[in-house]
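Hello,

Here is the structure I promised to pass on to you.

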Amino acid sequence: MGSLPGVDILFSVIIFSAIVNYVLYMWSSMTLSKGNHVGVNAMMKDTLGRKLSAGEYIHIGKLAFINALCEEVVSRGFFYHAFIETCGMTKHIANFSQAAAFGLWHYNGIPSGILGIALTFVYGLFMGILKEFGGGLFLPILAHTVADAFIFSVIARKRDDINNSDS
């Protein structure tokens, strides 16, 4: 998982996460989309048009953590190391490759479509840098959990009249 970071690094990850959440909000506003992720949109459908309870926020936090953990272990864990160990790639090429796979993997995610692939690819590059910087998966899992919590609690809960393939 890497060593426990100092307060300055955690603050930097919080700033990074705020920027990511702003980009996600801008993507959703500009494209009038909640994304094409059938599961996430179905999960949040009953929460549209009302405030979330404290218990629902806690549940969303748990789901965001589980999703972040799974995606980070696969992308920045398995893929990254397999590209280096099995394919003989350098760390930079392995990071680029895992980010490309991560971006393509999110074609029907949030954000979705071609722009979503591009945004998620760039995000994947930064997550790979966080992995290397932190010496493990702790920082990427933390940042990814924050992004997913925002996606689940804000983006996926936008008005029903926003263009969405599963509404």
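F96 is partly exposed, with a relative accessible area of 48% (buried means under 20%, exposed over 50%, partly exposed in between, with a 1.4 Å probe and protein chains only). Please keep in mind that this is a predicted model, in which local features need pLDDT of at least 70 and side-chain atom pairs count only at pLDDT 80 or more, while totals for chains, interfaces and linings use all residues. Residues are numbered from 1 along each chain as its sequence is written, and side-chain values use heavy atoms, with hydrogens and water left out.

On confidence, pLDDT is the predictor's own score for each residue, from 0 to 100. The protein chain averages 91, and 95% of the residues score at least 70. Among the elements, α4 has the highest mean pLDDT (97) and helix α2 (residues 38–44) the lowest (87). Helices here are DSSP runs of H or I with at least four residues, strands are runs of E with at least two, and both are numbered from the N terminus. One stretch to treat with care is residues 163–167, where pLDDT stays under 50. For that stretch the model has 14 contacts beyond four places in sequence, a contact being heavy atoms within 4.5 Å.

Now the rings. The structure holds 6 aromatic pairs. Rings of Phe, Tyr and Trp (its six-membered ring) pair if their centres lie within 6.5 Å; planes under 30 degrees apart count as stacked, over 60 as edge-to-face and the rest as tilted. The F16 and F126 pair is tilted because the planes stand at 45°, with the ring centres 5.8 Å apart. F16 sits in helix α1 (residues 7–31) and F126 in helix α5 (residues 113–134), so this pair ties together parts that are 110 residues apart in sequence. F126 itself is partly exposed, at 43% relative accessibility. F96 and F121 make an edge-to-face pair, 5.1 Å from centre to centre and with 75° between the planes. Here F96 belongs to helix α4 and F121 to helix α5, so the parts tied together are 25 residues apart in sequence. Ring pairs also link F16, F102, W105, Y123 and F126 into a cluster.

Two charges sit over rings, which requires NZ of Lys or CZ of Arg within 6 Å of the ring centre and within 35 degrees of the ring normal. R76 lies over the face of F102, at 4.2 Å from the ring centre, and K158 lies over the face of Y25, at 4.4 Å.

Which residues does H144 touch? Leaving aside residues up to four places away in sequence, H144 touches N67, A68, E71, E72, R76, F102, Y123 and M127. H144 lies in helix α6 (residues 138–153) and is buried, with a relative accessible area of 2%.

Helix α6 also meets α1: residues including V13, F16 and V20 in α1 meet residues including L142, A143 and V146 in α6.

Finally, two backbone details in loops. A cis peptide bond joins I110 and P111, with omega about 5°, and P111 lies in the loop between α4 and α5. L32 has a positive phi of about 50° although it is not a glycine; L32 is found in the loop between α1 and α2 and is partly exposed, at 48% relative accessible area.
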